[in-house]
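Please look over the sequence and the model that follow, and keep both at hand while reading.

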Amino acid sequence: MDGLEIEYVDISALPFLNVDLEGKDGSFPPAVEAFRRKILEADSILFASPEYNYSISAPLKNAIDWASRPPNAWADKAAAVVSASGDFGGSRFQYHLRQVGVSVDLHFINKPEFFLDGLKSPEKFDSGNLVDEQDKERLKEILLALQAFTLRLQTK
């Protein structure tokens with residue numbers, strides 16, 4: 001896809017949110033500073049996560065909270081969300097993330113949506129890679145919609 005670059009951002013090194021770790025000068029721990037810089041430099045955000053207990057995983061929520069500390073790194077970013085889980089494919093997580101997105105000023109695309117029930121046949125993944133051709137095409141549609149939405153937001 002022309003003009004589209006995806007960078008995986010590892011959130012595993014982020015400490016648990018603790019405002020006592022913030023410096024008096026508005027600084028953050030090094031791992032948080034690096035993460036916030038990645039968010040600030042991004043044109044848009046693609047959230048990809050499983051659902052845990054009908055909601056956002058703790059590490060992802062922690063990352064969202066760190067980047068929302070003033071000044072909010074999420075503000076005015078275009079975003080999309082994809083998920084894979086059993087039963088409902090992570091739909092409850094996605095709707096919860098969208099609620100959090102309102103608070104941190106993210107602008108999610110509305111359509112298309114991508115919920116993947118990883119337990120249904122045929123197998124959706126091999127050893128970690130999406131192999132289902134229909135789902136690959138649906139994922140491509142999400143990325144193209146996010147790209148178009150990002151460009152619209154940037155021209156306003």
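Ala 145 lies in helix H4, where helices (H or I, at least four residues) and strands (E, at least two) are DSSP runs numbered from the N terminus. The model is a predicted one, in which local features need pLDDT of at least 70 and side-chain atom pairs count only at pLDDT 80 or more, while totals for chains, interfaces and linings use all residues. Residues are numbered from 1 along each chain as its sequence is written, and side-chain values use heavy atoms, with hydrogens and water left out.

Ala 145 and Lys 111 are 34 residues apart in sequence, yet their C-alpha atoms are 7.7 Å apart in space. Lys 111 is also joined to Pro 112 by a cis peptide bond, with omega about -5°, and Pro 112 has its place in the loop between strand S3 (107–108) and S4.

Helix H4 itself covers residues 133–154, and its 22 residues reach 32 Å from the first C-alpha to the last, close to the 32 Å expected at 1.5 Å a residue; the expected span is 1.5 Å times one less than the number of residues. The buried residues of H4 are Asp 135, Ile 142, Leu 143, Ala 145, Leu 146, Gln 147, Phe 149 and Thr 150, with buried meaning under 20% relative accessible area, exposed over 50%, and partly exposed in between (1.4 Å probe, protein chains only). An α-helix has 3.6 residues a turn, so residues three or four places apart point the same way.

Ser 44 counts as partly exposed because its relative accessibility is 24%. Ser 44 and Leu 106 are 62 residues apart in sequence and 9.4 Å apart in space, C-alpha to C-alpha.

Taken as a whole, the protein has four helices and four strands, which follow the pattern α-β-α-β-α-β-β-α when read along the sequence. Among contacts between residues at least 6 apart in sequence, 75% join residues at least 24 apart. Of the 156 residues in the protein, 37% are buried.

In soluble globular proteins, nonpolar side chains tend to be buried together. A nonpolar core is taken here as a set of buried Ala, Val, Leu, Ile, Met, Phe, Trp, Tyr and Cys residues joined through side-chain atoms within 4.5 Å. The largest such core has 23 residues, of which Phe 47, Ile 64, Trp 74 and Leu 97 touch the most other members. H1, S1, H2, S2 and helix H3 (91–104) each supply at least two residues of this core, and H2 gives the most, with five residues. Ile 64 touches Phe 47, Trp 74, Leu 97, Val 100 and Val 104, not counting residues up to four places away in sequence. A second, separate core of eleven residues includes Ala 78, Ala 80, Ala 145 and Leu 146.

The largest pocket has a volume of about 1400 Å³. On a 1 Å grid over the protein atoms alone, a pocket is an open set of points with protein on both sides within 12 Å along at least five of seven lines, and lining residues have an atom within 4 Å of a point; the volume is the space filled by probe spheres set on the points, which are joined across faces, edges and corners. Of the 44 residues that line the largest pocket, the closest to its centre are Ile 6, Glu 7, Ile 45, Leu 46 and Phe 47. The largest share of the lining, seven residues, comes from H4.

The peptide bond from Pro 70 to Pro 71 is cis, with omega near -5°, and Pro 71 has its place in the loop between H2 and S2. Asn 53, although not a glycine, has a positive phi of about 50°, and the place of Asn 53 is in the loop between S1 and H2. Asn 53 counts as exposed because its relative accessibility is 77%.

Conventions
On a 1 Å grid over the protein atoms alone, a cavity is a set of points where a 1.4 Å probe fits but cannot get out, and a pocket is an open set with protein on both sides within 12 Å along at least five of seven lines; lining residues have an atom within 4 Å of a point. Contact means heavy atoms within 4.5 Å.
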